[in-house]
Amino acid sequence: YVGTITSFPFRTAAEDVRTQMLYWKNELSTAGLRRGYLTAIAFKVVDTAGTKAMSSFSVSMKNTTDSNLSTGFRSGMTSVLSMSSYRPQARWDTLYLDTPFPWDGSSNLLIETCFDNTGAASSSFSVERSSMPGYRTTYYTGTGGCGSSASFISFERPLIKLIWQPKKYEWSPSAGLHRTVVSAPKASPSGSTTYSLTVTDSNGC
C-alpha cells in the first residue's frame, strides 16, 4: 500500500544512516523507463521536521539480479552523487546525479544513500513509502559511517521518481553551465566560450 511514511533514508535522529533500496526491472519498465542513463532521483518528502542537515550525503547505484535484500547490504555499488550537505524540502525533492548511471534495462536497480553526521538530531525527515511483499530495503543506523556492514531489513521502501534519458551527454568545459550531463544545458559563460559535447548511446558507442 502507498501513502504511509518512513524516516528512511533521511533519519537524522540517528548520527549515521546507510540505506539500500531495491526496485525491480518490471516496476521500472512499467513506469516507462528503458535501457539508458539515469540522471536524477527524487523522494517524496512529506515532513521536514528534521533539524539537522545530512553531511557527506551520497548516492550509489547498481544493476543487480538480486530480487530481495533479506541478507543485508550488497557490495559493488557505483557512486553517482556526492554532496557536502543536503537538507530535503517538502515536495518531490530531486537530486541531480553528478554522473549518469547506465541502467541496462534488464536488471533490477539497487540504490544506496548514506550520510555521516557528527551527532544525532532530535527529529527526522520523512518520506512516503510503500509496503512491499518482500525485503526490498536494508539499512544501518549508528555511528559507523557509510562503511558499516551491519544492517536491518524492512518491507518498507521509499517512493521515488527517476529521470531517464536514452543517451549520455558530457559537456566541456563545465564553467557557465548549470549542468553538464543533459542534452541542452542552460549556459551563462562569463565570456566567449567554446563548448564541446560527447554523446554516448546505451551500447556505449
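In which sense do S3 and strand S8 pair, and over how many bridges? S3 and strand S8 (residues 126-131) pair in the antiparallel sense, over two bridges, where two strands count as paired if DSSP finds at least two bridges between them. Welcome to this structure, which is a predicted model: local features need pLDDT of at least 70, side-chain atom pairs count only at pLDDT 80 or more, and totals for chains, interfaces and linings use all residues. Residues are numbered from 1 along each chain as its sequence is written, and side-chain values use heavy atoms, with hydrogens and water left out.

**The chain as a whole**

- The protein chain has one helix and 14 strands; these are DSSP runs numbered from the N terminus, with helices being H or I of at least four residues and strands E of at least two.
- Its radius of gyration is 18 Å, close to the 17 Å that the globule rule gives for 205 residues, so the protein chain is as compact as a globular protein of that length. The radius is taken over C-alpha atoms, and the rule is 2.2 Å times the number of residues to the power 0.38.
- Along the principal axes, the C-alpha trace of the protein chain spans about 50 × 35 × 30 Å.
- Of the 205 residues, 44% count as buried, meaning under 20% relative accessible area, while exposed is over 50% and partly exposed lies in between (1.4 Å probe, protein chains only).
- Take the contacts (heavy atoms within 4.5 Å) between residues at least 6 apart in sequence: 81% of them join residues at least 24 apart.

**Strand S3 and its partners**

- Strand S3 covers residues 36-47, and nine of its twelve residues are buried.
- With strand S6 (residues 92-103), S3 pairs in the antiparallel sense over eight bridges.
- Strand S12 (residues 160-165) also runs antiparallel to S3, and six bridges join the two.
- Phe43 has a bridge partner in each of these strands: Asp93 in S6 and Ile160 in S12.
- As for S8, Asp47 stands opposite Ser126 there.

**Strand S4 and its partners**

- Strand S4 (residues 54-64) pairs with strand S5 (residues 78-86) in the antiparallel sense over seven bridges, and Ser55 stands opposite Ser85 in S5.
- S4 also pairs with strand S7 (residues 108-116), in the antiparallel sense and over seven bridges. Here, Ser58 stands opposite Cys114 in S7.
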